[in-house]
Amino acid sequence: MTKIAMHTRLITAFGLLVATTTAFGAGEAALKKGMDLYNNKDYIGAYTYFRDAAEAGNAAAMANLGVMYDHGRGVTKNDTEAAHWYRKAADGGNFRGMANLGNLYARGR
């Protein structure tokens, strides 16, 4: 396994928890509420708040939506949607979005 693959697995393993430490600016309140719901396994509720934060331009929320589509939490698992949200997060400078998008490509998804 390459170092990049190990790092992306580690990043993915930390899941959405990382987003709370990197969220600033647009949609921060919605992101925080979404994180609380997600951590309590209310994935449908979390999706609504992440979507609101993403629409406000919050790149961490975009990455979280990617994770939800990647793993089928609160939404139907969908690689195309996961890649879409990871790319938007990456374009917004979110490292987790970049790493998870690369991980999708590395897995051939």
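How many residues has helix 4, and how far does helix 4 reach from its first C-alpha to its last? Helix 4 (residues 43-55) has 13 residues and reaches 18 Å, close to the 18 Å expected at 1.5 Å a residue; the expected span is 1.5 Å times one less than the number of residues.

## Basis

This is a predicted model, in which local features need pLDDT of at least 70, side-chain atom pairs count only at pLDDT 80 or more, and totals for chains, interfaces and linings use all residues. Residues are numbered from 1 along each chain as its sequence is written, and side-chain values use heavy atoms, with hydrogens and water left out.

## Overall make-up

The protein has seven helices and zero strands. Helices (H or I, at least four residues) and strands (E, at least two) are DSSP runs, numbered from the N terminus. Of the 109 residues, 42% count as buried, that is, under 20% relative accessible area with a 1.4 Å probe, protein chains only.

## Helix 4

G45, A46, Y47, F50, A53 and A54 are buried in helix 4. The buried residues of this helix pack against helix 3 (28-39), helix 5 and helix 6. After helix 4 comes G57, with a positive phi near 100 degrees.

## Helices 5 and 6

The axes (lines fitted to C-alpha atoms over the stretch in contact, with angles from 0 to 180 degrees between N-to-C directions) of helix 5 (residues 59-71) and helix 6 (residues 79-91) come within 7 Å and cross at roughly 165 degrees. Helix 5 is therefore roughly antiparallel to helix 6, a term for angles over 145 degrees.

Definitions and conventions. Angles under 35 degrees count as roughly parallel, over 145 as roughly antiparallel, 65 to 115 as roughly perpendicular and the rest as oblique. Buried means under 20% relative accessible area, exposed over 50%, partly exposed in between (1.4 Å probe, protein chains only). Contact means heavy atoms within 4.5 Å.
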